[in-house]
Amino acid sequence: MKRPKIIDRSRDDEFMREALALAAEGARLGEVPVGAVVVHNGHIIGRGFNRPISSHDPSAHAEMVAIRDAASKLENYRLPGSTLYVTLEPCSMCAGLIVHSRVQRVVYGATEPKAGVAVSRGQFFSQDFLNHCVLIEGGVAAERCSEILSEFFRARRLKSRSGEAMEARSEE
């Protein structure tokens, strides 16, 4: 019988801080602030933040960018034994990539009630039809992961409202 692999959680907070720093970088560029890192053998091998707007690529979610970076560095389309740290619960597109790339574990921060498929809108990773099992752990630095998103959208709404107010004044 195959023994389950021991999971080292001792550096989860450290790697999530790296993902949060990438999320902040994305926010500075006007992207929705989601960051991700891929860790293999205790080292970050892939980094990414949301960039669908700036890259004109609807698939350029943080997870996608980080997994592509990691696969390129390892020169392998499979990432067995790796952990993906992401500040927001993955969507269905990213969940499919996670399974196909054979990521062993996903650690996410905030839940995504509208589109998250780890726990919020279904439990994609526990489906019987999948040919790879992914360990899922949520809630690491969840408060900070939620805050960075809330701050981003609050600032965006304020900017939109002030732009509307300025436009109304110019019409007077």
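Predicted model: local features only at pLDDT ≥ 70, side-chain atom pairs only at ≥ 80, totals over all residues.

Colleague: How many helices and strands does the protein chain have?

Modeller: The protein chain has five helices and five strands, in the order α-β-β-α-α-β-α-β-β-α along the sequence. Helices (H or I, at least four residues) and strands (E, at least two) are DSSP runs, numbered from the N terminus. The C-alpha atoms fill a box of roughly 75 × 30 × 30 Å along the principal axes, and 42% of the 172 residues count as buried, where buried means under 20% relative accessible area, exposed over 50% and partly exposed in between (1.4 Å probe, protein chains only).

Colleague: Which residues does UniProt list for the deaminase domain?

Modeller: The unreviewed UniProt entry lists residues 10-120 as "domain: CMP/dCMP-type deaminase"; UniProt positions are given in the numbering used here, feature names are shortened, and annotations may be inferred rather than shown by experiment. Over residues 10-120 the chain is 39% helix and 23% strand, with the end C-alpha atoms 26 Å apart.

Colleague: And which residue does the "active site" annotation cover?

Modeller: That annotation, also from an unreviewed entry in UniProt, covers Glu-63, which is found in helix α3 (residues 62-74).

Colleague: Is Glu-63 buried or exposed?

Modeller: Glu-63 counts as buried because its relative accessibility is 4%. Leaving aside neighbours within four places in sequence, Glu-63 has contacts (heavy atoms within 4.5 Å) with residues including Cys-91, Cys-94, Pro-90 and Ala-36.

Colleague: What about Ile-67, where is that?

Modeller: Ile-67 is in helix α3 as well, and Ile-67 counts as buried because its relative accessibility is 4%. Beyond four places in sequence, Ile-67 is in contact with Val-38, Leu-84 and Ile-98, among others.

Colleague: Switching to the largest nonpolar core, which residues touch the most other members?

Modeller: Those are Val-38, Leu-84 and Ile-98, in a core of 40 residues. A nonpolar core is a set of buried Ala, Val, Leu, Ile, Met, Phe, Trp, Tyr and Cys residues joined through side-chain atoms within 4.5 Å. Among the elements that each supply at least two residues of this core are α1 (12-28), β1 (35-40) and α5 (142-171), and α1 gives the most, with six residues.

Colleague: Which residues of α4 are buried?

Modeller: In α4, Cys-94, Ala-95, Gly-96, Ile-98 and Val-99 are buried, and the buried residues of α4 pack against α3, β3 and β4. After α4 comes Arg-102, whose phi is positive, near 65°.

Colleague: Last one: how far from Glu-31 is the nearest side chain of opposite charge?

Modeller: Glu-31, which is found in the loop between α1 and β1, is buried yet has no salt bridge, and that nearest side chain, Arg-51, is 6.7 Å away. A salt bridge is a side-chain nitrogen of Lys or Arg within 4 Å of a carboxyl oxygen of Asp or Glu; for charge, Lys and Arg count as positive and Asp and Glu as negative, with His and the chain ends not counted. A polar atom of the Glu-31 side chain does lie 2.6 Å from the backbone nitrogen of Ser-54.

Technical notes. Residues numbered from 1 in each chain as written. Heavy atoms only, no water. Polar contact = N/O pair within 3.5 Å; in protein donor to acceptor, adjacent residues only side chain to side chain.
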